[in-house]
Amino acid sequence: MTNKLKIDIVSDVVCPWCTIGYKRLEKAIEELGVKDQIEIEWQPFELNPNMPKEGQNVVEHITEKYGSTIEQQNESKRNMTEIGADLGFKFDYFDDMRMVNTFDAHVLLEYAKDFDKQTELKMTLTKAFFSDRKDVSEKEILKEALLEVGLNADEGLAKLDDEKARLEVRNKQNYWKNLGVNSVPTIVFDRKSAVTGAQPIATFKQVLTELIKEK
């Protein structure tokens, strides 16, 4: 089947609900047995584009950005950890966890696309941040992730100093923002329709079934 359903996933590497949303979508695709009929492309979105190099403690950051109390944050973390576990993903929240700048990660995800390794690298980076307590703004961690998925680390890291590569990511971010994407995950089907948020598996199955039928 050449006429695949194109799915653009606008998301950030350090967004827990993006991870949950993707894992639910992945499960829906798996349960329907339609993997060969789907093409996924990851699109860049930064939750915190102005995050400085040193990052910020997650609790402080969420308190400042959303006004959430410690109790609310703890409840949210418990909830996400349980949902993640059900989907086979480990959220390991810890006291010194820091929110970091993810622009370089997005540059590498764009690089990985040329080798059909985008999803693999995305999940490797997400796991590094949420499961393995790693700083995904650090070049050494980014290098590890590239090597883990079998990409050329030197070539990939060179993209971080390539103005053209960086501008391409900026342009893509602006493209989706200009279309009105202001929360993630936003999952776009054939650039015609979209759902936002980590929808239930059943919802994804329904949407996929309808759209594939129309192909």
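## Basis

In the classes used here, Ala, Val, Leu, Ile, Met, Phe, Trp, Tyr, Cys and Pro count as nonpolar, Asp, Glu, Lys and Arg as charged, and the others, Gly among them, as polar. The model is predicted.

## Cavity

Rolling a probe the size of a water molecule over the atoms shows where empty space is left. One cavity of 30 Å³ or more is found in the structure. The volume of the largest cavity is about 40 Å³.

Its lining consists of Trp-42, Gln-43, Pro-44, His-106, Leu-109, Glu-110 and Gln-118. Two elements, β2 (38-44) and α4 (103-113), each contribute at least two residues to this lining. Sorted by class, the lining of the largest cavity comprises three nonpolar, three polar and one charged residues.

## Pockets

The largest pocket has about 520 Å³ of volume. Its lining is made of 15 residues, and those nearest its centre are Tyr-22, Lys-35, Ile-38, Ile-40 and Thr-119. At least two lining residues come from each of α1, β2 and α5. By class, four residues of the lining of the largest pocket are nonpolar, two are polar and nine are charged.

For the second largest pocket the volume is about 430 Å³. This pocket is lined by 22 residues, with Pro-16, Trp-17, Ile-62, Tyr-66 and Met-80 the closest to its centre. Here α1, α2 (58-66), α3 (70-86) and α5 each supply at least two residues of the lining. The lining of the second largest pocket divides into 14 nonpolar, six polar and two charged residues.

## Disulfide

A disulfide is a covalent bond between the sulfur atoms of two cysteines. The model has one disulfide. It joins Cys-15 to Cys-18, with an S to S distance of 2.4 Å.

The torsion about the S-S bond of Cys-15 and Cys-18 is about 80°, so this disulfide is right-handed. Are the two cysteines, Cys-15 and Cys-18, buried or exposed? Both Cys-15 and Cys-18 are buried.

## Loop residue Gln-37

Gln-37 sits in the loop between α1 (16-32) and β2. Its relative accessible area is 17%. Buried means under 20% relative accessible area, so Gln-37 counts as buried.

Along the chain, Gln-37 and Lys-6 are 31 residues apart. The separation of the C-alpha atoms of Gln-37 and Lys-6 is 8.8 Å.

## Helix α6

Which residues of helix α6 (residues 139-148) are buried? They are Ile-141, Leu-142, Ala-145 and Leu-146. Viewed down the axis of α6, these buried residues fall within an arc of 140°, so they line one face of the helix. An α-helix has 3.6 residues a turn, so residues three or four places apart point the same way. On the other side of α6, Glu-140 and Glu-148 are exposed.

Just after α6, Gly-150 adopts a positive phi of about 80°.

Key
Residues numbered from 1 in each chain as written. Predicted model: local features only at pLDDT ≥ 70, side-chain atom pairs only at ≥ 80, totals over all residues. Heavy atoms only, no water. 1 Å grid on protein atoms, 1.4 Å probe; cavity = no way out; pocket = protein on both sides within 12 Å on 5 of 7 lines; lining within 4 Å. Points joined across faces, edges and corners; volume = space filled by probe spheres on them. Helix = DSSP H or I, 4+ residues; strand = E, 2+ residues; numbered from the N terminus. Disulfide = S-S within 2.5 Å. Buried < 20%, exposed > 50% of the residue type's maximum accessible area, 1.4 Å probe, protein only. Arc of directions from axis to C-beta.
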